[in-house]
Amino acid sequence: MHDFKVGVRVSILPGVATPFVGMDGTICEVRQHDEGIESMTRHFVVFSRKEKRAFYRMELLHLPTNVKAAGTS
């Protein structure tokens, strides 16, 4: 299992985040769950259009460091 930290490139997996499925972005913030439940930690992802949304670990796919996000130059 990958550790999703600030600066990590990710792609959004199919699931409840339907409008964002397949989009690539970068984790810009990680907020731990108030009671320490790791699976409920929110990972904020910023996309190429500067849109920012929160996702859970199970909704994210770690991208290799040599893969650029879709829509970036």
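Mentor: Let's start with Phe20, which is buried, at a relative accessible area of 11% (buried is under 20%, exposed over 50%, partly exposed in between, with a 1.4 Å probe and protein chains only). Before we go on, please keep in mind that this is a predicted model, in which local features need pLDDT of at least 70 and side-chain atom pairs count only at pLDDT 80 or more, while totals for chains, interfaces and linings use all residues. Residues are numbered from 1 along each chain as its sequence is written, and side-chain values use heavy atoms, with hydrogens and water left out.

Now to the rings themselves. Three aromatic pairs turn up in a search of the whole structure; rings of Phe, Tyr and Trp (its six-membered ring) pair if their centres lie within 6.5 Å, and planes under 30 degrees apart are stacked, over 60 edge-to-face, the rest tilted. One of them joins Phe20 to Phe47 in a stacked arrangement, with 5.4 Å from centre to centre and 15° between the planes. Phe20 sits in the loop between β1 (9–12) and β2, and Phe47 in the loop between β3 and β4, so this pair ties together parts that are 27 residues apart in sequence (strands are DSSP runs of E, at least two residues, numbered from the N terminus). Phe47 is buried as well, with a relative accessible area of 3%.

Put together, Phe20, Phe47 and Phe55 make one aromatic cluster.

Lys50 has a positive phi of about 70° although it is not a glycine. With 69% relative accessibility, Lys50 counts as exposed.

Another ring has a charged neighbour: Lys52 lies over the face of Phe44, 5.5 Å from the ring centre (a charge sits over a ring if NZ of Lys or CZ of Arg is within 6 Å of the centre and within 35 degrees of the ring normal).

That brings us to the charged pairs. There are six salt bridges, each a side-chain nitrogen of Lys or Arg within 4 Å of a carboxyl oxygen of Asp or Glu. One of them is between Arg31 and Glu29, at 2.6 Å from N to O. Arg31 is partly exposed at 37%, and Glu29 is partly exposed at 22%. Another brings Arg57 and Glu38 together, with the closest N and O atoms 3.5 Å apart. Arg57 is in the loop between β4 and β5 (60–62) and Glu38 in the loop between β2 (24–31) and β3, so their contact ties together parts 19 residues apart in sequence. Arg57 is buried at 14% relative accessibility, whereas Glu38 is exposed at 51%. Meanwhile, salt bridges with shared partners join Glu29, Arg31 and Lys52 into one network. Finally, Lys5 forms a salt bridge with Asp3, where the closest N and O atoms are 3.6 Å apart. Asp3 is partly exposed, with a relative accessible area of 45%.

How values were computed:
Helices (H or I, at least four residues) and strands (E, at least two) are DSSP runs, numbered from the N terminus.
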